[in-house]
Amino acid sequence: MEENKKLVFIINPKAGQKKREEVLPDIINVFYEYGYDTEIHFTRFQGDATKMVGRHCRKCDLIVCMGGDGTLNEVIEGIIESGVGAPLGYIPAGSTNDFAASLQLSSVPVTAAKNIVNGTPKYIDIGRFNERYFVYTASTGIFTRTSYETPQNAKNILGHFAYILEGAKDLTNIKPLKLDIEYDGKRIKDEFIFAAICNSTSIGGVMTIDKQRVDFTDGLFEMLLIKFPRDLIELGTLINKLQTQTYGEGVELIPISNAVIKDNAANDWSLDGEKENGKRETIFEVFKHAVYFIY
Ligand SMILES: [Mg+2]
């Protein structure tokens, strides 16, 4: 008899409010119907998923992770660090699933599982930010703290709305980001209210980038820079530009493959929703086609 293929299923039990106990048997059944024996591992602490990949995924045929964007980020870090070659599928179950939304992954877990086993893997690009990897967004400035400081419970109950509420608190106390950015042989030095490098059509649920501009496999990430407004009139103009996705003069959207970002104040960043301590100099690089993703 032909042996079943091996699937390693990494689950973050703390992500999202969906009733895992109810959907889990159905998901495992889908995998079984498509010829996979499933080995389940629940993450216990931050960084656990990265270690699990190195420990359990070297000899498997398919890796699937279920959780939020933070869990996906950890699994991808494990895949790159351990040189694991199996394709990766993602069942989004967190409150912030910007990457899942960008790839139009189903939010119904069983449907997402079916799409994975029926899917065709594609190599996608991953960003490196100093020593850490990120899948879809690195950001600093307004709205950044909220992506990792909003308590998990509030994230689950309020979802994206929590981000916006927390962001509003930041408005009373905004300092400009003074950044000196060299990218692909060019340079921008200015004061910004927000800066992001992303490979996604949605940033923290508060900003959207046109699908036409985002390609997960082109070796480029989009750098979004929002200038610091001098007054309320300028703020209004910037908000309008963001809402209508009009770029240039105040709101820049530039495809880049690498950058060196200098920031004397060493402001903190958020990488896929997790805090990253700021540095005076940050090196960003795209790893083209770094992960074999199936969806
Ligand atoms: Mg791209």
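I call a residue buried when its relative accessible area is under 20%, and exposed when that area is over 50%. By that rule asparagine 199 is buried, because its relative accessible area is 0%. The model I am looking at is predicted.

**Entry: the whole chain**

I started with the secondary structure, which comes to nine helices and 17 strands. Of the 295 residues, 52% count as buried. I then looked up contacts between residues at least 6 apart in sequence, and 74% of them join residues at least 24 apart. The protein exposes about 14300 Å², with carbon and sulfur atoms supplying 49% of that area.

**Entry: the magnesium ion**

Which protein atoms are the donors of the magnesium ion? I found Asn199 (OD1), Asp215 (O), Asp218 (OD) and Leu220 (O), lying 2.1 to 2.4 Å from the ion. Along the chain these donors follow the spacing N-x15-D-x2-D-x1-L. I noted that asparagine 199 and aspartate 218 link distant parts of the chain, 19 residues apart. Asparagine 199 sits in the loop between strand E9 (186-198) and strand E10 (202-203). Aspartate 218 sits in the loop between strand E11 (207-208) and strand E12 (221-227). I also looked up their cover: asparagine 199 has a relative accessible area of 0%, whereas aspartate 218 is partly exposed at 28%.

**Entry: helix H9**

Helix H9 covers residues 232-244, which makes 13 residues. From its first C-alpha to its last I read 18 Å, close to the 18 Å expected at 1.5 Å a residue. Glu234, Leu238 and Lys241 are buried in H9. Why do I say that they line one face of the helix? Seen down the axis, the buried residues of H9 fall within an arc of 60°, so they line one face. The face turned away from that buried side carries the exposed residues Leu232, Ile233 and Gln243. I looked for what covers the buried residues of H9, and the cover includes E12 and strand E13 (251-256). Just after H9, glutamine 245 takes a positive phi of about 55°.

**Entry: helix H5**

I next went to helix H5 (residues 109-118), where Pro109, Val110, Ala112, Ala113, Ile116 and Val117 are buried. They cover an arc of only 160° around the axis, which puts them on the same side of H5.

**Entry: threonine 71**

Threonine 71 has its place in helix H3 (residues 69-82). Is threonine 71 buried or exposed? It counts as buried, because its relative accessibility is 6%. Leaving aside neighbours within four places in sequence, I find threonine 71 in contact with Asn12, Ala49 and Met66.

**Entry: cysteines**

I searched for disulfides, and the count comes to zero. Cysteine 57 is in no disulfide, and the nearest cysteine sulfur, that of cysteine 60, is 4.5 Å away. The cut-off I need here is 2.5 Å between cysteine sulfur atoms.

Definitions and conventions:
Residues numbered from 1 in each chain as written. Predicted model: local features only at pLDDT ≥ 70, side-chain atom pairs only at ≥ 80, totals over all residues. Heavy atoms only, no water. Helix = DSSP H or I, 4+ residues; strand = E, 2+ residues; numbered from the N terminus. Buried < 20%, exposed > 50% of the residue type's maximum accessible area, 1.4 Å probe, protein only. Contact = heavy atoms within 4.5 Å. Areas by Shrake-Rupley, 256 points an atom, 1.4 Å probe, with all protein chains shown as cover. Arc of directions from axis to C-beta. Donors = N, O, S within 2.8 Å, 3.2 Å for Na, K, Ca; no water. Expected span 1.5 Å × (residues − 1).
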